[in-house]
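Open the model in your viewer and keep the selection tool at hand. Each stop below names what to pick and what you will find there.

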Amino acid sequence: QVQLVESGGGLVQAGGSLRLSCAASGNIFRINAMGWYRQAPGKQREWVATIPTTGNTNYADSVKGRFTISRDNAKNTVYLQMNSLKPEDTAVYYCNSRLIMAGGIWERVYWGQGTQVTVSS
């Protein structure tokens, strides 16, 4: 089994910063891309950022220049540094990982349980 556990959410004032973490654990052979999504109340889940095993990171236009995604492959962990937060960033943030389990062949997508980020004006 594989688990993704997020942490670091909370309440912050507009203009503030938060750092989210997501650690993958379990019977993992290889982690490929990792990313973050978010879902605001009454809205569909939307993509925020992706970081591949190697290569360039990618960001949604709404967070470009304010958020930074990074990863620590030794810890199977992905981070999201969020600066200059706005009330419209309020959402449940989910991490996402495309990985291959030990003994497996096919890549599968796994999701964390989500962490709440609330930005007050």
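Select C95. In this predicted model, C95 is buried, with a relative accessible area of 0%. Show the sulfur atoms: a disulfide joins C22 to C95, S to S 1.9 Å. Color strand 3 and strand 9. C22 lies in strand 3 and C95 in strand 9, so the bond ties together parts that are 73 residues apart in sequence. How many disulfides does the structure hold? It holds one.

**Next stop: the nonpolar core**

Select W36, L80, M82 and Y93. These four belong to the largest nonpolar core, which has 31 residues. Within that core, they touch the most other members. Which strands supply at least two residues each? Color them in turn:

- strand 1 (2-7) and strand 3 (18-26)
- strand 4 (28-39) and strand 5 (46-51)
- strand 7 (67-72) and strand 8 (77-82)
- strand 9 (91-101) and strand 11 (115-120)

Nonpolar side chains tend to be buried together in soluble globular proteins.

**Next stop: the charged side chains**

A search of the whole structure finds five salt bridges. Start with R38. Is R38 buried or exposed? R38 counts as buried because its relative accessibility is 6%, and buried means under 20%.

R38 forms a salt bridge with E46, and the closest N and O atoms are 2.6 Å apart. E46 is partly exposed, with a relative accessible area of 36%.

D89 forms a salt bridge with R38, the closest N and O atoms being 2.9 Å apart. This pair links distant parts of the chain. D89 sits in the loop between strand 8 and strand 9, R38 sits in strand 4, and the two are 51 residues apart. D89 is buried, at a relative accessible area of 1%.

R66 forms a salt bridge with D89, with the closest N and O atoms 2.7 Å apart. Where is R66? Look in the loop between strand 6 (58-59) and strand 7. R66 and D89 are 23 residues apart, so this pair also links distant parts of the chain. Both R66 and D89 are buried.

Finish with R38, E46, R66 and D89 selected together. Salt bridges that share partners join these four residues into one network.

Methods. Residues are numbered from 1 along each chain as its sequence is written. This is a predicted model: local features need pLDDT of at least 70, side-chain atom pairs count only at pLDDT 80 or more; totals for chains, interfaces and linings use all residues. Side-chain values use heavy atoms; hydrogens and water are left out. A nonpolar core is a set of buried Ala, Val, Leu, Ile, Met, Phe, Trp, Tyr and Cys residues joined through side-chain atoms within 4.5 Å. Buried means under 20% relative accessible area, exposed over 50%, partly exposed in between (1.4 Å probe, protein chains only). Helices (H or I, at least four residues) and strands (E, at least two) are DSSP runs, numbered from the N terminus. A disulfide is a pair of cysteine sulfur atoms within 2.5 Å.
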